[in-house]
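Thanks for coming. I'll go through a few local features of this model and then its sheet and cores.

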Amino acid sequence: MENVVLKSFIQFIRDLFSLRRLQRIGTRDWVLKFASLMLATVLWYFVGGEDIVDKNIQVPIEIINMPRDLVISNQFKKEIEVTVSGPRSVLKDMENQSVTRQINLSNATPGTNVIENDNKAIRVPRGVTVLRIQPSTVILSLDKLIQKSFKIMPVTTGDVAAGYDLVQMQMNPDNITITGPETVLSHADALLTDIIDVSGMSASRQVQVPLDLDPAIVDLIGETSVTADITIKPRMVQKRISKVAVIGYVGGELREVEPKQVEILANVPVLLMRKNADLQQLFSVTAVGDSADDGELPVIAVPRQDVQLPIQVLSVRPESVTLIKKEEEITDPEGSIEGEEEAEEVIEAEKGSASDDSDAAEMLEEEIIEGEESGSYYKKIDGVLHITADRKKILVKE
């Protein structure tokens, strides 16, 4: 019995793999079946044969369709963490693709906007599944976009050197215009600098100083510096300095003038006053004319060049001095009419002076006396009476 069964099984195997049967199968559609087998093998390799893995990727947030008059005023994460699942090779290719989380704000209004991060918000390749997104929401505070100008205000500490004053501190630029959220820009009216230490400064200078900005402002304009022009000058005091010698020059020749001394009103540095400097030696006072015919010489008073500190001359009294002529200059060799007129005026002046001694005595007591009716004036300087009458000047010694 066993032998019969064994023989029957062997016969079945022979019939199944007999050459005739194989030839019958091969002659039908062996090409099509072979192609199907190869395709199935390839699909298994690329799909079914790959491992399915989970992976966390960072996806950037992309804001689109933002209204022009709105701006995001709060800080928010620019990337979200997304957990995806899919074939290893597909997930690897995702790293080279621009996968983003787009947020459409076309219909947004000012205020706080909460945007949900659901799994469908992320577009992923076929075969990849989004499992989780962190954070689950994105909060955006939208504000009106405005433009505002801020004045730059310097902040200083310390005192300049003794005898000097901080005259001015000019900021360059002195204003900065910022465009940003209204809620941020409305909190300030000016931008302050970092502290500028002026301790011991005795000269003007320029310094670069950063602005002390709120972090919200820094987000708008970044770290910003300005230039501070610091003007420091010696402290001045107004002094009236008398008996300053005048040096006369006519045609390059040293000449005597009257009066020989003048009074100067000037702004003098306090430092010179503290050093007990000889104030009369601080000035160079000259009276310069072109020829001996220049009877009155204008007085020019300037600080000496060797004085290092600045001095400001305000006025000089008298403003002009009289040239003392030599004998040959007084005598007119040509006997001109002008010389005769001057001599007559001298004689008339002497007569007038002699006729009224009491009036003359009163005039001599005054330094300057003006004749209201005649339009003449009289001036006594160092014992010499200067009389001007009818617009002609006469010198009369006391």
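The side chains of T227 and Q208 make a polar contact at 2.6 Å; that term means a pair of N or O atoms within 3.5 Å, where within protein one must be able to donate a hydrogen and the other to accept it, and residues adjacent in sequence count only if both atoms are side-chain atoms. This is a predicted model, so local features need pLDDT of at least 70 and side-chain atom pairs pLDDT 80 or more, while totals for chains, interfaces and linings use all residues. Residues are numbered from 1 along each chain as its sequence is written, and side-chain values use heavy atoms, with hydrogens and water left out.

T227 sits in strand β12, residues 225-234; strands are DSSP runs of E, at least two residues, numbered from the N terminus. Its relative accessibility is 15%, so T227 counts as buried, the cut-off being under 20% with a 1.4 Å probe, protein chains only. Leaving out residues up to four places away in sequence, T227 touches Q170, M171, N172, Q206, V207 and Q208, with contact meaning heavy atoms within 4.5 Å.

Now the sheet. Four strands form an open, mixed sheet in the order β4-β1-β3-β6, pairing requiring at least two DSSP bridges between two strands. β3, residues 79-87, runs antiparallel to β6, and 5 bridges join them. V82 has I133 as its bridge partner in β6.

Last, the cores. A nonpolar core is a set of buried Ala, Val, Leu, Ile, Met, Phe, Trp, Tyr and Cys residues joined through side-chain atoms within 4.5 Å. The largest has 49 residues, of which L191, V262, I264, L282, F283 and V285 touch the most other members. Apart from it lies another core of 23 residues, including I80 and I133.

Definitions and conventions: Buried means under 20% relative accessible area, exposed over 50%, partly exposed in between (1.4 Å probe, protein chains only).
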